[in-house]
Amino acid sequence: MEKVCIYHLTLDELKNKLISEDFPAYRAQQVFDWIYRKGVSDFSFMSNISKREREKLSGIFEFINFEIMSKRKSADGTEKFLFKLRDDLSIETVVIPEKRRNTLCLSTQVGCKFNCRFCVSARGGFIRNLETSEIIKQYLDVSRAAEITNIVFMGIGEPLDNFSNLVKSIRILKAKEGAGMPARRLTVSTCGLPKAIKKLAGLKLGVKLSVSLHSAYDEKRDKIMPVNRRYPLGVLLDSLKEFSKVSRYPVTFEYVMIKGFNVSLEDARRLAKFCNSLKSKVNLIPLNLSRGGLDKPDEPDISKFRDKLKRHGCLAVLRKPRGEDIEAACGQLRASLGAKKPF
Ligand code: SAH
């Protein structure tokens with residue numbers, strides 16, 4: 001019988017599996033406690049479970065390991081981990097320390113299908129989804145080094161395009177018997193997939209949603225985010241309204257500022273109008289890396305844009321890029337390996 005990776009399973013799934021193997025149900029809570037609170041990755045350490053049962057568990061389940069290929073710390077404290085997966089592919093995970101929190105940025109896919117023009121993650125194309133266990137293992141390995149207070153699904157890949165594994169990971173991370181991450185500290189970032197947004201809303205997981213908007217004009221968004229040709233802004237907005245109905249938190253719009261492209265005062269007015277049609281807030285991010293002829297705006301244009309938004313009643317926070325020196329900033333993941341071996 002092939003062994004099941006223990007990190008694949010939600011608490012309920014583990015419970016059911018254990019019951020079917022004649023264990024008492026409460027063993028599932030104990031195992032979750034050992035793995036997600038005590039950081040144990042071997043049944044032999046689980047001292048409140050009998051030796052006979054531990055051996056039986058080892059026969060059913062396995063733990064996967066990542067090889068840490070590199071670990072780099074930026075001058076601003078941002079840390080980037082490069083993990084090697086079982087099939088020799090690699091993914092990146094970033095920890096961003098702030099005053100009172102440590103935010104973990106998780107990857108959900110190897111590569112990405114969506115091909116946003118400004119993003120390097122798309123450069124190598126799409127290879128495969130990460131399994132639930134591979135999403136969870138990023139958390140487990142990194143939380144050994146830093147106490148994680150917030151998690152954003154904002155690394156490589158499109159989380160909503162790996163829907164069921166994303167949802168399982170969220171359920172696992174939320175479990176009080178384990179990592180116990182409050183749902184409001186989990187944020188899913190998407191390029192804007194309306195069907196999946198609605199599906200996520202329906203599950204009422206309580207997580208926050210962040211949408212990579214980058215323009216409130218369809219014609220402009222089409223140019224930098226091909227996904228907009230399939231799901232234009234109107235359709236996206238409908239799905240966000242549905243999400244908003246079940247969420248206690250505003251939707252966040254990420255807005256990458258690109259020189260001479262999306263930072264005119266007209267762009268600001270349009271963005272404000274779009275954002276004001278729903279409970280939301282805006283993060284402004286000056287483009288990282290010049291790519292495909294795109295560049296970040298000059299300082300005065302950034303401030304003017306932000307002021308204009310404010311005058312239209314739209315509150316925007318200007319985000320400083322973190323971890324630029326180690327290529328760990330937004331959209332920069334995978335930049336260092338160049339085009340030869342993207343993953
Ligand atoms: N696919 C998801 C999550 C991964 S991208 C999404 O689209 O949201 C994470 C964030 O980094 C997105 O907001 C994306 O638009 C942004 N990003 C990508 N490339 C960037 C760049 N060069 N500069 C600044 N932000 C970038």
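What follows is a short talk about helices, domains and salt bridges.

Visitor: What kind of model is this, and how are its residues numbered?
Guide: This is a predicted model, in which local features need pLDDT of at least 70 and side-chain atom pairs count only at pLDDT 80 or more, while totals for chains, interfaces and linings use all residues. Residues are numbered from 1 along each chain as its sequence is written, and side-chain values use heavy atoms, with hydrogens and water left out.

Visitor: How do I read a helix?
Guide: Start with the naming: helices (H or I, at least four residues) and strands (E, at least two) are DSSP runs, numbered from the N terminus. The expected span of a helix is 1.5 Å times one less than its number of residues. Take α11, residues 299–311: its 13 residues should span 18 Å, and its end C-alpha atoms are 19 Å apart, which agrees. Helix α9 (residues 233–246) has 14 residues and reaches 20 Å from its first C-alpha to its last, close to the 20 Å expected.

Visitor: Why can a helix have one buried side?
Guide: An α-helix has 3.6 residues a turn, so residues three or four places apart point the same way. Here "buried" means under 20% relative accessible area, "exposed" over 50%, and "partly exposed" in between (1.4 Å probe, protein chains only). In helix α1 (residues 11–20), the residues Leu-11, Leu-14 and Leu-18 are buried. They cover an arc of only 65° around the axis, which puts them on the same side of α1. That arc is the one formed by the directions from the helix axis to the C-beta atoms. Asp-12, Asn-16 and Ser-20, on the other side of α1, are exposed.

Visitor: Which elements do the buried residues of α1 pack against?
Guide: They pack against α2 (26–37), α3 (51–60) and β2 (61–62), where contact means heavy atoms within 4.5 Å. After α1 comes Asp-22, whose phi is positive, near 70°.

Visitor: Which residues of α11 are buried?
Guide: Ile-302, Phe-305, Lys-308 and Leu-309 are buried in α11. Their arc around the axis is only 130°, which puts them on the same side of α11. Exposed residues Glu-299, Lys-310 and Arg-311 sit on the face turned away from that buried side. The cover over the buried residues of α11 includes β12 (251–257), α10 (265–276), β13 (280–286) and β14 (316–318). Gly-313, which follows α11, has a positive phi near 75°.

Visitor: And what covers the buried residues of α9?
Guide: They pack against α6 (194–203), β11 (208–212), α7 (218–224), α8 (227–230), β12 and α10. Among the buried residues of α9 are Leu-233, Leu-240 and Phe-243. Seen down the axis of α9, the buried residues fall within an arc of 165°, so they line one face of the helix.

Visitor: How do I read the meeting of two domains?
Guide: The size of an interface is often given as the accessible area lost when the parts come together. The domain assignment gives domain 1 (4–62) and domain 2 (67–335); such bounds come from an automatic or database domain assignment. The C-alpha centres of the two domains lie 33 Å apart. Their contact takes 16 residues from domain 1 and 16 residues from domain 2. The area buried between them is about 1300 Å², of which carbon and sulfur atoms give 59%. Buried area is the accessible area (1.4 Å probe) that two parts lose on being put together, summed over both. Tyr-7, His-8 and Tyr-36 supply 45% of the area that domain 1 buries against domain 2, more than any other three residues.

Visitor: How many salt bridges does the structure hold?
Guide: The structure holds 20 salt bridges, each a side-chain nitrogen of Lys or Arg within 4 Å of a carboxyl oxygen of Asp or Glu. Between domain 1 and domain 2 the count is two.

Visitor: Where do salt bridges form a network?
Guide: Asp-33, Arg-37 and Lys-38 are linked in a network of salt bridges.
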